[in-house]
Amino acid sequence: MTIPLDPSLAPPGTRNFRDAGGIPADKWHADQNGETLVPTHCCFCGVQCGMYLRVDKGGKVFGVEPRNHDINRMRLCPKGINAYQQVNHPDRLTAPLMRRSRDEEFREVSWDEALDFTVSEIKRIQSAYGNDAFGLLGGASLFSEKTYLVGKFARIALKSKHVDYNGRLCMVSAAGANKLAFGIDRAGNPFSDILLTDCLLIAGSNVGECFPVMTQYLWGARDRGASLIVIDPRETAIARTADIHVALKPGTDAAFFNAVLHVIVKENLTDEDFLAAHCTGWDEVKAKVAEYTPERAAEICGIPASQVVQVARTFAAADKAMAWHARGIEHHSQGVENCLTVINLCAATGNIGKPGAGYGTITGQGNGQGGREHGQKSDLLPGGRSILNEEHRRQICEIWGIEESELPTAGTSMMEMIWQMQRREIRGLIGICNNPFVSLPNYAVVKDGYDTAEFHAQFDFFLSETAANAHVVFPVTTWAEDEGVMANAEARVVKHNKAQEPPAGVRTDTWVICELARRLGAGDKFAFPDSRSVFEELRVASAGTVNDYYGITYERLEETGGIAWPCPSTDHPGTPRLFEDGRTYHPDGTIHMQVVDWHAPMDPYDDDHPMSLTTGRTVAHFLSGNQTRRLGGLVEQTPRPWVEVHPSHGFKSGDPVRVVTRRGSEVFPALVTEAIRPDTVFIPYHWPVPTAANALTIDALDPRSKIPEYKVCACRIEAADRIDEVPAPPTAPGHQAYPETQVSRTDPLPPTSPQGRGTADRS
Amino acid sequence: MMGKTIFIDPGRCIGCQACVSACRECDSHRGKSMIHLDYTDPGQSVASLPTVCMHCEDPVAPCAEVCPADAILITADGVVQQADTTRCIGCSNCVNACPFGVPKIDLQAKLQMKCNLCYDRTAYGLAPMCATVCPTGALFYGTLEELQAERPGVQVADSFAFGDVVVKTGVAMVVPADKVQWPVPGGLPVVEVNGVDVR
Ligand code: SF4
Ligand code: SF4
């Protein structure tokens, strides 16, 4: 399926592209070899690039072919290109694994045995300690249909309030801020609006590595003369070419943005007409930012005061300006507030709801956006309804056919659930498609929480570090073996298609969830034969809410290549850009501007811990690396983590450097570079202990979004004598680790320097 | 000037290596990438740039010139093909002759492999794999006119200086406007051979 493109909105270099799908059958090798191209999307980040999976005559996925979808116009990053390799990977789990205690080895068992044991453990724990003693942790890499099922399963089959998901670690701060300010939880503009802007501000987002395919929109804006402002403690690939790169100290974003607004007010650069017509709370915000002079910000943020003024003037002078942010400002104990200061900036300059003007958050996980919209988050019901709102509860109970008294109330967040496991308040857990052993902060606490749990089951298609700790592991399908929808960072709902049959022994997550529900006595509420039937219920369950999916159907998605919600009826075109009528989703239709006061990060600096540790991604790996650390090409590109340090510390690249925080210490090879602040070090987080950045990070949470403060903690660095080896990814008994992925795990540095930050020494 | 070819714009490169991964997927040398990703100033900058086969025009394809088996063919449109499997003897002459370090030898197969501008794809109107996927347009496939239509004022150079030798190539590089008349420095000047100063 080729999607008609609007040539005026094509990123650079894509205008004359055509994809292999449009070539007549006798011309293209694909057809000559009898292979087929199945249109679908990448399973990884929130860009959701369109791709074709190449399927051979025998029905097996064996390759990838670029697809001219208007999100990515054939562009793909290395993760997308290599993703197909996991479908028929030798590490795939193909039979349920089980053991009765963690002292035993896993053995392969029948589906019946694994399901029976799981259900008997759920019943045992719940009858002894109450329903809420059993929890469920979902994932934002699941199709939206499955996230809907996870929420429904927890509340109806498990009858527990404890359900949350790993999107909690992703964009919930932005979601919280957007809800507070606009009454709607999503980005305001489509990616293509970036091509129309005059000034692009990127805060806390290493776009080049984390959302590579978005870069083409950035460069497209630059071709039109747009200025680029990047706020990041590191000089990333996009910061390198920015007009202004503000390398502020981690954890000081709110002070910086308040000061920028301070200058805008002082220099009369605000859009008073817009403020008067569309905003409330401006007077209070104005009074607060008056306290944040550029000099004060300069001191807090460790930057020149002149940069604050420069950013303010550049952003405010632009006819149309946009601000996009990501985890860099969201992973903080004031993550919601950081996002609110960016919203204040856009609102005060009238940059909301117009082509080329607006705000957006870039989702890390493929379905980080859609993953919470339909009830997987502890406080949300389908359609983004609140589980604490009487009216919302009543509506959902009616759709689900249960009494309101049967619907549990709000549970706690992912990290809080781990603390509850430590305290034995939660004694059993099912994890679906997540890997907290790598992804949560403060590993020692996470491990302790899981070890304390009496029963733990995990759904996955590879044996993750977390699954390796479980009692039961259910082997489930990859994205290429089922169909379903995801919502990308633009809130564009796209459809993934099935490219091959699952291997023998593997079931879909939908089947496993429904089967567990049946065995728990709730089968009548979970009679879903496939994704489509779940989607039909999801559509109805979301009708009339802000997150309205009612008008979206599988057929329409295939026809259009994606529809942005809200989409209330089947003849509605969807809503790629919000607030075009000047109204937000609050009942009064205004933007609720919020006062923010900066506070220091939760882990205080002292003489023992004088520096900041910050963490992030590399382009070759995705999240906890459970998938990408098994793919040869990606492992070769970035086989291990490192610590980025400024030359002023006297290390040479490759030297073993111990990073010590209040939670632990680990040794990484140094990558000496001037692309980082002297008072800050950076470690990519995709690896398990003893090379896990998250053994060092702090489990402090934002009080509103409950997102962990991954992006800053206090540390010190010291010379060490040896570098810790990266462990191979766990595999099921009888499976050998895939030899191709074993390259260079012990080498001190990647064969090619990650992102050019350089292995060479300057001395 | 040139027909459809690849333009390399190092200013846009984010070092993601999508091109490297994509090249590995290409049917003509599946499993092996023919692209190098180079870092210009490691330790100080994150700058990077890809090297694909430059399809040298003058002197015409040094790799082909030195091939004793006549295995490297050059098509009428200037594409320097990879070695013909029936002719290549795996002697590595081409590897040594290429000023850009492009051809690779599969020692087991005794076969040279190199970028052939995705002849299998371009023949059907598709762009080469690397330029198709490159998320930034650092690798652009098209004509100079198409490039300039999209990036007003962009300037390119298609000659590279290796010491005193200038090589004119079929693949071009985006350069600052004031550098168009100058060959792009293609490598460090040779100052020493076996310990002897040859300046
Ligand atoms: S990981 Fe993200 S940017 Fe890369 S191909 Fe997949 S969706 Fe596109
Ligand atoms: S794909 Fe493009 S941006 Fe990425 S390394 Fe290659 S040339 Fe650079």
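Analyst: Here are some notes on contacts, strands, helices and charged pairs. This is a predicted model, where local features need pLDDT of at least 70, side-chain atom pairs count only at pLDDT 80 or more, and totals for chains, interfaces and linings use all residues. Residues are numbered from 1 along each chain as its sequence is written, chains are lettered from A and ligands numbered from 1 in the order in which they are written, and side-chain values use heavy atoms, with hydrogens and water left out.

User: Let's start with the two chains. How many residues does the contact take from chain A and from chain B?
Analyst: Chain A puts in 59 residues and chain B puts in 41 residues. Contact means heavy atoms within 4.5 Å.

User: And what area is buried between chain A and chain B?
Analyst: About 3900 Å², with carbon and sulfur atoms giving 51% of that. Buried area is the accessible area (1.4 Å probe) that two parts lose on being put together, summed over both.

User: How many salt bridges cross the interface of chain A and chain B?
Analyst: The rule finds 2. A salt bridge needs a side-chain nitrogen of Lys or Arg within 4 Å of a carboxyl oxygen of Asp or Glu. B:Arg121 forms a salt bridge with A:Glu65, and their closest N and O atoms are 2.5 Å apart.

User: Which element of chain A gives the most to the side that touches chain B?
Analyst: Strand 3 of chain A, with 5 residues. Strands (E, at least two residues) and helices (H or I, at least four) are DSSP runs, numbered from the N terminus. By class, that side of chain A has 23 nonpolar, 22 polar and 14 charged residues. Here Ala, Val, Leu, Ile, Met, Phe, Trp, Tyr, Cys and Pro count as nonpolar, Asp, Glu, Lys and Arg as charged, and the others, Gly among them, as polar.

User: How many bridges join strand 2 to strand 3 of chain A?
Analyst: There are 5, and the two strands run antiparallel. Two strands pair if DSSP finds at least two bridges between them. A:Leu53 has A:Val64 as its bridge partner in strand 3 of chain A. This hairpin has 5 residues between the strands, and A:Gly59 takes a positive phi near 85° there.

User: New topic: helix 12 of chain A. Which of its residues are buried?
Analyst: A:Pro294, A:Ala297, A:Ala298, A:Ile300 and A:Cys301. These buried residues pack against helix 9 (253–266) and helix 13 (305–317) of chain A. After helix 12 of chain A comes A:Gly302, with a positive phi near 70°.

User: What about A:Asp603: buried or exposed?
Analyst: A:Asp603 is buried, at a relative accessible area of 5%. It sits in the loop between strand 22 (591–592) and strand 23 (611–616) of chain A.

User: Which side chain does the side chain of A:Asp603 make a polar contact with?
Analyst: That of A:Arg662, at 2.8 Å. A polar contact is a pair of N or O atoms within 3.5 Å; within protein, one must be able to donate a hydrogen and the other to accept it, and residues adjacent in sequence count only if both atoms are side-chain atoms. Leaving out residues up to four places away in sequence, A:Asp603 touches several others, including A:Glu709 and A:Cys713.

User: Back to salt bridges. How many are there over all chains?
Analyst: The count comes to 58. One of them joins the side chains of A:Arg124 and A:Glu121 (2.9 Å, N to O).

User: Where do A:Arg124 and A:Glu121 lie?
Analyst: Both are in helix 3 (residues 111–129) of chain A, 3 residues apart, about one turn of the helix. A:Arg124 is partly exposed at 35% relative accessibility, whereas A:Glu121 is buried at 11%.

User: What links A:Glu555 and A:Arg532?
Analyst: Their side chains meet in a salt bridge (2.9 Å, N to O). This pair links distant parts of the chain, 23 residues apart: A:Glu555 is in helix 23 and A:Arg532 in helix 22 of chain A. A:Glu555 is partly exposed at 44% relative accessible area.

Notes:
Buried means under 20% relative accessible area, exposed over 50%, partly exposed in between (1.4 Å probe, protein chains only).
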